[in-house]
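Here are a few notes to read alongside the structure. Take them one at a time, and find each spot in the viewer as you go.

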Amino acid sequence: MKTANYNTDWDFHIDVASLFWKLRDAHTAYFVPECYKSFTFYQPLPLISFVDESNLQIIAVSSYINPTLAQHWLEQGIDLHQFSGATVMHIGNMDAMNYMVQYAREDIGVTKDLATRFDLALRIPTPFDGFQDRGSMGWFSGRSLKFGPFPLQSSLNYTLQFKNGTVLRINFPWIAQPGASYADTLAFQSACRASANVSRTPLVANVEPIGPKPSSHPRSPKRSNITPLVNCTSCGVGLYQIDAKTMVLYINTFEPSDEAAFLATIEKGLAIGSSLGLTNVILDLSQNGGGDICLGRQVLRLLFPDRINWGPTDVPQSPLALNLTLSAVALNNSNTFWSPTVYLDEDGNPFPNSESWLVPGISRFRGGVVQTFSQLIHIGTGCGDINQTNPNPYVPKNMLIMTRGFCGSTCALFANHLRNYEGVRTVVVGGLKGRPQGYTSFPGLQVLDSPDFYDELDSLDQNTSDQSCTTCLAPRRLLTSAAFRMCTREIYGPDDFDLPLEYRFLQADFQLETSRATAEYPELIWEQLLQFFQ
C-alpha cells in the first residue's frame, strides 16, 4: 500500500478495509467513509442451507421474501414468491454449495471460523415474529461494506430446481440502496470528508434498511408446543417452556434498548420456570453479536449468584499506554480505559491510582515475539453487580448453550465463562456438514470504536483534533468520516495466560445439522436439543 498509486479515493479506502477483513476479527476493523458505507447491495432471493433427505447439504430459496424487494420485482412482472422452496443448483457456473463456501471463505471478514461465516452468508431468522429479524436477507444477498466487499459483477445467474423437477435459469441484477439521501455531488463529497462522530453500537449480524419488516411470516404449526413464559421482544430476550422439564432463555443481544427491562425479564422468567418445576435451561444465543460487558456479567450473576462473573484480561504495554495512564493519574480521571482505578486484580483487589497495573508488566510470548503486557485485570467499580431477589435453582449439568457460531464479544465472554468455569455444555447449529465448528466468535473482549477512542484521549488532554502536532504520542483524528475499531483488552481462559481465547478454536460439545424446517423456523430446533440433556 505504501508504494501503490491509487486512481481514486474509493480504491484507497477499499484497500485499507480489505487488509483488515483478512484478519477475520470483528473487533479489528476499518470502516470506509460514510458516503461509501451507506450503500447496501441486494439480491432478491434470501438463501438457506440444510441437509436434505438424501443426507446432502444443499442451498435453497427461503420462504421469507423481503416485501419491498417483492413489490419492486412484481412491478417488473416477476413474482418472487414463486421461487420459495426451490433448490439452488448453480450460482453463475459453479455448484451452489461450492459458490457459497467460496464466498464465505473470501468475502466475509468477521470471524475466523469458516463454518460460521458460511452461516452468516445465509438467512437465519429469529424465533417468532416479534423479535427484530436480524440478518433476514443474509450477508450474501444483502451486502454492506462493514465486513466484506461490494459485489464485483452487475448481476448473478441462478439455476433453480423446483419440487416438480422443473429447472429454471434466471438472472437478477444487483440493486443498490443508499442509507442516506444526497442532494448533489457536493453533499456526497461532504459526507466523505466529515469527521466521524458516531456513538458505539453493538455488532449485529446484518443491517437491512430496505423496506419495512414483514407484518407476518408463515410459521410452523409445531410452534403451538411452545409456551411463552415472559418476553421483552424490544429488549431481545424471551423465556419459553418447551416440555414438562425444559425452558429456553433466548437472548439475541447484550445491548438492549432498556437494560432494566432486559434484566427484569430474565429474572422473572427464571422465577416462573422454577415455580413450574422446570429444571432444564437452554440458553439460545443465536446471532448474538455482543454488547455491554457489564450487562453480560450481570446475567452471569443472575444465573450463578455466588460465583465469579469475570475472566482474566490484560492490555499491551506501550509508550502511548503509559502516557495515557500517567495522564489519568495526574488528572485523577477514573473514567477511561487507561484509568488504574477502573480495574481490579485477579484476586479482586483494587489497584492504586498509579501506573503499577501497567509497569513493569509481564512478558509474554505472543505473535512470535516476546511482548510486555499489564497485570491481569478485570473491570471493577460495580461492573456486573446486581441486586438479585430470587435465588437461582438451576445447575450447570441441566443447562445447554446453543449458538450458530456467531456469538461474539460480550456474548463470547458470557458463553465461554459458562463453559470454562461452570461446565455448561455447548451446541452449535448449522454450519458445514462434517466440519467441526466453534460455538463463539471474536471473543477478544473489549473493543473501542474510534469516536469513543478519540473522546477518551481528549479527556486525558491529548487534543486529538490538533493536526499540527508532529511529536504527539496519541494519534490524530481522521480527516474523513472513515472509522476504525480495535480490541484493546484480551481475555484468557481460566488456566492458560499465554494464548488469548481469540486465537483458540473452541469447538462445541455437540453439533446439530439443520433441516428444511429448522432452517426456516429456528424455534423448532429447541425440541431437538432435548437429546443432549443427561
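Predicted model: local features only at pLDDT ≥ 70, side-chain atom pairs only at ≥ 80, totals over all residues.

1. Strand S21 (residues 425–429) pairs with S24 in the parallel sense, over 3 bridges. If you look along this pair, you will find Val427 opposite Phe510 in S24.

2. Now widen the view. Both strands belong to an open sheet of 7 strands, in the order S11-S12-S13-S14-S20-S21-S24, with mixed pairing. Strand S11 (227–232) and strand S24 (510–512) are at the edges; each has a single partner strand, so one side of each lacks a neighbour in the sheet. From one strand to the next, the twist averages 20 degrees.

3. Which helix lies across S11, S12 and S13? Helix H8 (residues 259–275) does, and it runs at about 160 degrees to S11.

4. Next, some backbone details. Most residues other than glycine have a negative phi, and most peptide bonds are trans. Asn332 has a positive phi, near 55 degrees, and Phe442 has one near 30 degrees.

5. Are these two residues buried or exposed? Asn332, in the loop between helix H10 (319–331) and S16, counts as exposed because its relative accessibility is 60%, and the cut-off is over 50%. Phe442, in the loop between S21 and strand S22 (445–449), counts as buried because its value is 3%, where buried means under 20%.

6. One peptide bond also deserves a look: from Val359 to Pro360 it is cis, with omega near 5 degrees. Pro360 sits in the loop between strand S16 (343–345) and strand S17 (362–366).

Definitions and conventions. Residues numbered from 1 in each chain as written. Heavy atoms only, no water. Pairing = 2+ DSSP bridges. Helix = DSSP H or I, 4+ residues; strand = E, 2+ residues; numbered from the N terminus. Axes fitted to C-alpha atoms, helices over the stretch in contact; angles between N-to-C directions. Contact = heavy atoms within 4.5 Å. Buried < 20%, exposed > 50% of the residue type's maximum accessible area, 1.4 Å probe, protein only.
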